[in-house]
Amino acid sequence: HVSGIYVIESKNYSGWIFGNENDKQWTQSLPMSGGRSKKVRFFNPIIQNKVHLRWLRKYLDIGVDFPVYSYIVFSDRCELKNITLSTTEHTVINRRLLPFRIRRNFEKVGSKLSTAEVDSFYERLYPLTQITEEQRALHIKTVEEKKRSLSSPAVKEIRKCPLCGGELVTRTVKKGERAGKHILGCSNFPSCRYIENLD
């Protein structure tokens, strides 16, 4: 669009959705008989879309200042109960609101690209959508395996800081040229500033 590139991660879920921008997993709560509910964990779609954004910027050779917008769009069959966003980089909405929110964004930011630039980006990206049935099946299989690994109980490996012995925890860099990247940092921060880059 002339206002920029919109990267949309679509989720066809029902039930209630709970999630925090910085958590690795979000929760889908489905009603069961007797007033009970079934809770299903799924990979944080914001983190998922961050990977898409990073790849897209690299593929198109565009910088961080280029207008790219992240939209996480859930089915109208679900209710977004408690979605906590710590930044304004991502929009999480139901599908019915998508056209309205894109129009509102366009009214706010105006035109950023010429029609020729829009056409040029389209011509570069369109061939990537032309995948074979085998590629599609492999992608679905990979996603299903990832879902199973997230839902199966696993022993969490606890790594220790080599400087002070504290537990190493995953964090997201908030500022600077590595903003959005993931690191392992010491849980004793700020007294210990040991980090390892993950990305």
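Colleague: Let's start with His52. Buried, exposed or in between?
Modeller: This is a predicted model, so every value is computed from it. His52 counts as partly exposed, because its relative accessibility is 32%. The cut-offs matter here: buried means under 20%, and exposed means over 50%.

Colleague: Where is His52 found?
Modeller: In helix 1, which covers residues 45-60.

Colleague: What does the His52 side chain make a polar contact with?
Modeller: The side chain of Asn49, at 2.9 Å. Asn49 is in helix 1 as well.

Colleague: And beyond its sequence neighbours, what is His52 in contact with?
Modeller: Val7 and Glu9, once neighbours within four places in sequence are left aside.

Colleague: How far is His52 from Gly180?
Modeller: They are 128 residues apart in sequence. In space, the C-alpha atoms are 13 Å apart.

Colleague: Back to Asn49. Buried or exposed?
Modeller: Buried, because its relative accessible area is 0%.

Colleague: What does the Asn49 side chain reach on Val7?
Modeller: The backbone oxygen, at 3.1 Å.

Colleague: Which residues is Asn49 in contact with, neighbours aside?
Modeller: Val7, Ile8 and Glu9 are three of them. Ser70, Tyr71 and Ile72 are also in contact with Asn49.

Colleague: Which strands do those belong to?
Modeller: Strand 1 is residues 5-11, and strand 5 is residues 68-74. The two pair in the parallel sense, over seven bridges.

Colleague: Which residue stands opposite Ile8 in strand 5?
Modeller: Tyr71.

Colleague: What else does strand 5 pair with?
Modeller: Strand 7, residues 90-94. That pairing is parallel too, over five bridges. Val73 stands opposite Ile93 there.

Colleague: Change of topic. How many salt bridges are there?
Modeller: The count comes to four. One of them joins the side chains of Lys11 and Glu9, at 3.1 Å from N to O. Both of those residues are buried.

Colleague: What does Arg96 form a salt bridge with?
Modeller: Asp76, with the closest N and O atoms 3.3 Å apart. Arg96 lies in the loop between strand 7 and helix 2 (98-109), and Asp76 lies in the loop between strand 5 and strand 6 (78-84), so the pair ties together parts that are 20 residues apart in sequence.

Colleague: Which partner does Lys81 have?
Modeller: Glu79. The closest N and O atoms are 3.5 Å apart. Lys81 counts as partly exposed at 38% relative accessibility, and Glu79 counts as partly exposed at 41%.

Colleague: Now the surface. Which residues make the nonpolar patch of about 300 Å²?
Modeller: Trp55, Tyr59 and Leu128.

Colleague: Where is the place of Leu128?
Modeller: In the loop between helix 3 (115-125) and helix 4 (133-151). Leu128 counts as partly exposed, because its relative accessibility is 40%.

Colleague: Zoom out for me. How many helices and strands does the chain have?
Modeller: Four helices and 10 strands. From the N terminus, the order is β-β-β-β-α-β-β-β-α-α-α-β-β-β.

Colleague: What box do the C-alpha atoms fill?
Modeller: Roughly 55 × 50 × 40 Å, taken along the principal axes.

Colleague: What share of the chain is buried?
Modeller: Buried residues make up 31% of the 199 residues. The chain exposes about 13500 Å², and carbon and sulfur atoms supply 54% of that area.

Colleague: Last one. Of contacts between residues at least 6 apart in sequence, what share join residues at least 24 apart?
Modeller: That share is 51%.

Notes: Residues numbered from 1 in each chain as written. Predicted model: local features only at pLDDT ≥ 70, side-chain atom pairs only at ≥ 80, totals over all residues. Heavy atoms only, no water. Buried < 20%, exposed > 50% of the residue type's maximum accessible area, 1.4 Å probe, protein only. Pairing = 2+ DSSP bridges. Patch = residues over 30% accessible without salt bridge, like charges linked within 9 Å, V, L, I, M, F, W, Y side chains within 5 Å. Areas by Shrake-Rupley, 256 points an atom, 1.4 Å probe, with all protein chains shown as cover. Contact = heavy atoms within 4.5 Å. Polar contact = N/O pair within 3.5 Å; in protein donor to acceptor, adjacent residues only side chain to side chain.
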